[in-house]
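Student: I am new to this structure and would like to learn how to read it. Please take me through some of its features.

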Amino acid sequence: MADAPVVVAGAGPVGLTVAWMLAGAGMEVVVCERGDGVSTESRASTFHPSTLELLDDLGLTDELLALGLVARTFQYRDRRQGVIAELDLGLLAGDVRFPFRVQLEQSVLCRILRDRLAGMDNCDLRFGHEVRGVDGDVLQTSAGPVPFTWLVGADGAHSAVRATMDVAFEGFTFDERFLVVSTTHELAPHFPGLAYVNYVSDPEEWLVLLRTPNHWRILFPLDLEEDEDAEGRVARLLPGVDVPIAHTTCYRIHQRVASAYRQGRTVLAGDAAHLNNPLGGMGMNSGLHDAVALGRRLVAMGRGERGEEALDEYAALRREVSVDIVDAQTRKNFATLANPDPAGRAAALEELREIAADPERARQYMLRTSLVSTMRSHT
């Protein structure tokens with residue numbers, strides 16, 4: 001199989017980033033994607049400072065900056081009290097090259113990578129190739145078999161690649177859904193001092209307000225049996241205001257991590273390896289960190305600089321980040337916003353207020369929540 005390509009299952013931001021790194025190093029790579037093209041769904045929209053630095057090393061950040069919104073602060077709010085704590089990412093100026101977030105839909109990064117890869121002779125983008133299973137060193141797809149030297153499973157939350165591996169997907173699924181409403185209506189006049197990224201606590205209906213270049217997004221929690229009444233939710237948030245709804249998305253939330261990221265010649269990355277609630281914007285970002293960590297090791301192996309132990313190292317390092325930082329922090333974020341206990345919620349918000357008031361505590365907090373603390377040691 002030495003002459004077979006590296007095959008990447010999934011043309012999301014993680015899979016395409018791995019493919020970009022491999023193709024740029026002169027390696028043969030095939031990308032198999034079940035869809036007819038890259039997804040345009042409204043998904044992740046925050047690129048953290050650490051991720052911008054990693055993508056800058058791949059020649060991608062300038063284009064993201066040109067198309068996205070720079071968010072220098074983010075806020076924790078109480079639905080009744082207003083701003084509780086504002087965190088200034090400028091405090092990370094001594095730690096990263098980009099001490100801010102960029103607000104931009106992940107689909108834009110996918111389009112950028114697709115267009116670049118489409119012009120490379122050593123990258124074969126195969127859309128309409130749904131993964132059916134793995135048979136030895138061959139990926140079985142709806143369009144036929146694809147032999148591989150290494151297989152990267154980056155095919156998302158319902159990964160067909162992971163399903164063929166003998167690994168558990170440990171964790172749980174929330175007993176509620178998230179409803180995301182996008183609107184062109186400007187929300188800032190309705191909420192004094194609104195930042196581009198806002199996490200709003202409330203014992204009855206917490207929410208998230210996020211700005212992207214073309215929309216404001218409002219994220220609401222939704223019971224499993226509850227109707228997806230986007231108009232009603234928005235009307236309660238902004239009574240008497242005519243708010244046009246551009247589109248809505250409703251989905252289940254999971255907190256899960258694969259028990260192993262590697263099995264033989266197959267390696268998992270991104271949502272195929274780990275899932276978490278989106279509060280804090282850590283899902284796509286940690287997935288892109290996976291992509292860089294895996295891409296670096298596969299390139300080194302292709303050059304004969306490292307052996308297979310590099311993939312075991314990748315699997316151990318990235319699973320550690322998923323469990324100890326991403327899973328732990330996103331659970332805490334959810335508990336802070338959704339805690340129905342007045343005393344517990346007040347204590348969590350007071351802690352955030354104290355963190356924001358202390359520059360060094362705020363810096364340490366953002367090093368962790370922006371994944372800067374593991375950007376170099378775990379990629």
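This is a predicted model: local features need pLDDT of at least 70, side-chain atom pairs count only at pLDDT 80 or more; totals for chains, interfaces and linings use all residues.

Student: How many helices and strands does the protein chain have?

Tutor: Helices (H or I, at least four residues) and strands (E, at least two) are DSSP runs, numbered from the N terminus. The protein chain has 10 helices and 20 strands.

Student: What is the radius of gyration of the protein chain?

Tutor: The radius is taken over C-alpha atoms, and the globule rule is 2.2 Å times the number of residues to the power 0.38. For 379 residues a compact globule would have a value near 21 Å, and the protein chain agrees, with 21 Å. Its C-alpha trace spans about 60 × 45 × 40 Å along the principal axes.

Student: How do H2 and H7 pack?

Tutor: Two packed helices are described by the angle between their axes and the distance between the axes. Axes are lines fitted to C-alpha atoms, for helices over the stretch in contact, and angles run from 0 to 180 degrees between N-to-C directions. Helix H2 (residues 49-56) packs with helix H7 (residues 283-302) at about 30°, their axes 10 Å apart.

Student: Which residues of H2 and H7 meet?

Tutor: Contact means heavy atoms within 4.5 Å. Among those meeting are Leu-54 and Leu-55 in H2, and Leu-288 and Val-292 in H7.

How values were computed: Residues are numbered from 1 along each chain as its sequence is written. Side-chain values use heavy atoms; hydrogens and water are left out.
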